[in-house]
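Please prepare a short briefing on this protein model.

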Amino acid sequence: MRINYGQKVVERISFLLLTGIFYFYNNYITIGGFGVGYQYIGCILVVGIGFCLFLVIPDLPFLYHAAKAAGVLALSYFVAMIGSAIIWIFTFTPIRQMISGFFEPAYMMLCVACAMALAYILRERMLTCTFWALTTAFFALLVPRILEFGFAEYLRRLIAYLQSGGTQGYGISLEETSFAYLYVFFAIYFGFHWKELPIWKRFAKVFIIVFALLNTFKRSGLLALAVGFALAFVYFRLGEVTRRYFLNFIMVAFILAAFLYIPFVRYGLFNRIAEALQLRTSHRNEIYAFYSQYYDFGLDYLGRGLGWIQRLRHQIEFFSNGEIAINVHCDYVYYYIELGFWGYLFWMISAFPWVVKWAVKGKCVKKDATVLGTGVAFAMLRLTENISFLYSAVLGFSVIIMYCALSSIYMDEQTPRVAKEGRNKLHFL
């Protein structure tokens with residue numbers, strides 16, 4: 001299908017909206033007493049553009065596969081909403097908590113829908129467009145800081161910030177944007193596909209990713225990158241039959257680890273190990289100790305419903321200096337508290353094994369390794385972050401997984417050798 005002038009205009013508009021989505025990472029407007037982020041308004045506009053393009057240029061087969069991919073990625077949020085609705089009904093939950101608990105996953109499902117719309121609008125350019133939109137937003141936020149301090153002072157502060165592990169040189173890092181996690185996912189993807197790029201693009205993207213990871217310095221992000229890429233590389237080097245066993249092993253290991261992590265945190269083992277090793281946990285030891293009074297590990301723990309932690313944060317103060325109670329900073333503990341033992345079990349299965357097993361098609365080992373590595377990195381980040389509710393991370397993760405899955409579905413018919421090596425030429429259009 002040839003791209004006409006109208007489609008190019010639509011793509012340019014989508015790129016600008018996508019840049020705005022990443023740029024407005026913390027800007028909200030109050031509607032009906034609730035804060036609505038500008039980024040979500042941008043997502044709605046992208047979805048609207050995708051719908052209008054479908055009316056003009058309908059492509060039902062592609063829409064079916066894109067919608068299926070979006071359904072797989074959004075399933076964990078849907079499961080959380082259904083499980084929470086059951087809890088709300090039987091615990092007479094206040095209306096405001098239900099509204100807050102509904103919008104938390106609903107916003108992330110909107111991000112997944114935005115990724116689906118981008119797939120329909122941009123096709124094989126969706127991943128590249130997302131990367132450059134993110135990078136445009138990153139430098140748009142970075143340049144004012146460089147101008148404020150001057151380039152020499154900026155570098156001095158950045159070096160001091162990195163040398164201190166994020167405790168000195170304040171004012172220059174973009175850590176609060178959460179871009180670090182998204183660049184982790186792109187680092188894994190380009191780590192397996194860098195040979196497909198022209199030489200100048202290789203150096204440009206490597207420089208941007210490394211520079212962004214340093215400027216948005218997150219220890220959890222670097223650890224997730226190392227573990228995710230290492231497991232993906234092992235998968236890439238294995239034989240076809242061994243890969244299936246290795247993938248199943250990762251799925252089972254994830255379920256066991258995610259379950260065991262709850263009592264590990266609840267009964268203080270995390271805090272004891274952190275204290276013994278003198279790890280800097282950024283108050284996570286106090287956070288975990290604080291929330292441990294509100295849940296227990298067992299079959300009879302039925303959960304408190306989505307939105308409960310947000311309601312608690314508005315009701316009490318946390319640290320002795322008067323700071324407001326902050327989030328759990330662990331997706332696994334967060335969902336366990338709110339969904340209970342059985343809701344957590346279904347959420348956990350839909351959040352990682354379901355996504356990875358569906359997206360790994362067995363047609364292109366590079367794409368499959370990317371899916372596994374990105375999924376493992378996302379799972380690792382859930383240990384110390386509430387990444388499930390960070391729209392930039394969810395949007396970027398959805399774009400990469402959806403791109404890999406759709407490119408495998410729409411791969412040209414090739415010889416087994418070429419498909420195995422991953423030299424596929426996509427033909428979305």
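The largest cavity in this predicted model is lined by L73, S76, Y77, V112, S350, A351, V355, F378, R382, V394, F397 and S398. Its volume is about 100 Å³. A cavity here is a set of points, on a 1 Å grid over the protein atoms alone, where a 1.4 Å probe fits but cannot get out, and lining residues have an atom within 4 Å of a point. Grid points are joined across faces, edges and corners, and the volume is the space filled by probe spheres set on the points.

**Basis of the values**

- Residues are numbered from 1 along each chain as its sequence is written, and side-chain values use heavy atoms, with hydrogens and water left out.
- Because the model is predicted, local features need pLDDT of at least 70 and side-chain atom pairs count only at pLDDT 80 or more, while totals for chains, interfaces and linings use all residues.

**Cavities**

- The count is two cavities of 30 Å³ or more.
- Helices α3 (60–91), α14 (331–351) and α17 (391–409) each supply at least two residues of the lining of the largest cavity.
- The lining of the largest cavity has eight nonpolar, three polar and one charged residues.
- In that classification Ala, Val, Leu, Ile, Met, Phe, Trp, Tyr, Cys and Pro are nonpolar, Asp, Glu, Lys and Arg are charged, and the others, Gly among them, are polar.

- F397 is found in helix α17 and is buried, with a relative accessible area of 9%.
- Buried means under 20% relative accessible area, exposed means over 50%, and partly exposed is in between (1.4 Å probe, protein chains only).
- Leaving aside residues up to four places away in sequence, F397 touches L73, L182, F185, T374, G375 and F378; contact means heavy atoms within 4.5 Å.
- F397 and V184 are 213 residues apart along the chain, and their C-alpha atoms are separated by 9.9 Å.

**Whole protein**

- The protein has 18 helices and two strands, where helices (H or I, at least four residues) and strands (E, at least two) are DSSP runs numbered from the N terminus.
- Of its 429 residues, 54% count as buried.
- Among contacts with a separation of 6 or more, 78% are between residues 24 or more positions apart.
- The protein exposes about 19800 Å², and carbon and sulfur atoms supply 68% of that area; accessible areas come from the Shrake-Rupley method with a 1.4 Å probe.

**Helices**

- Helix α2 (residues 38–56) has 19 residues and should span 27 Å at 1.5 Å a residue, which agrees with the 27 Å between its end C-alpha atoms.
- The expected span is 1.5 Å times one less than the number of residues.
- The buried residues of α2 are Q39, Y40, G42, C43, V46, I49, G50, L53 and F54.
- An α-helix has 3.6 residues a turn, so residues three or four places apart point the same way.
- Helix α7 (residues 179–193) has 15 residues and reaches 21 Å from its first C-alpha to its last, close to the 21 Å expected.
- Helix α7 is largely enclosed by the rest of the structure, because 14 of its 15 residues are buried.
- Helix α10 (residues 240–266) has 27 residues and reaches 40 Å, close to the 39 Å expected.
- Buried residues of α10 include R243, F246, L247, I250, M251 and F254.

**Partly exposed helix residues**

- L162 is in helix α6 (residues 151–163) and counts as partly exposed at 25% relative accessibility.
- L162 touches L214 and F217, not counting residues up to four places away in sequence; L162 and F217 are 55 residues apart in sequence and 7.4 Å apart C-alpha to C-alpha.
- R219 is in helix α9 (residues 219–237) and counts as partly exposed at 41% relative accessibility.
- R219 touches R280 and S282, again not counting residues up to four places away in sequence.

**Positive phi angles**

- Most residues other than glycine have a negative phi.
- F92 is not a glycine but has a positive phi of about 50°; F92 lies in the loop between α3 and α4 (95–122) and is exposed at 74% relative accessibility.
- R123, also not a glycine, has a positive phi of about 55°; R123 sits in the loop between α4 and α5 (126–149) and is buried, with a relative accessible area of 3%.

How values were computed. 1 Å grid on protein atoms, 1.4 Å probe; cavity = no way out; pocket = protein on both sides within 12 Å on 5 of 7 lines; lining within 4 Å.
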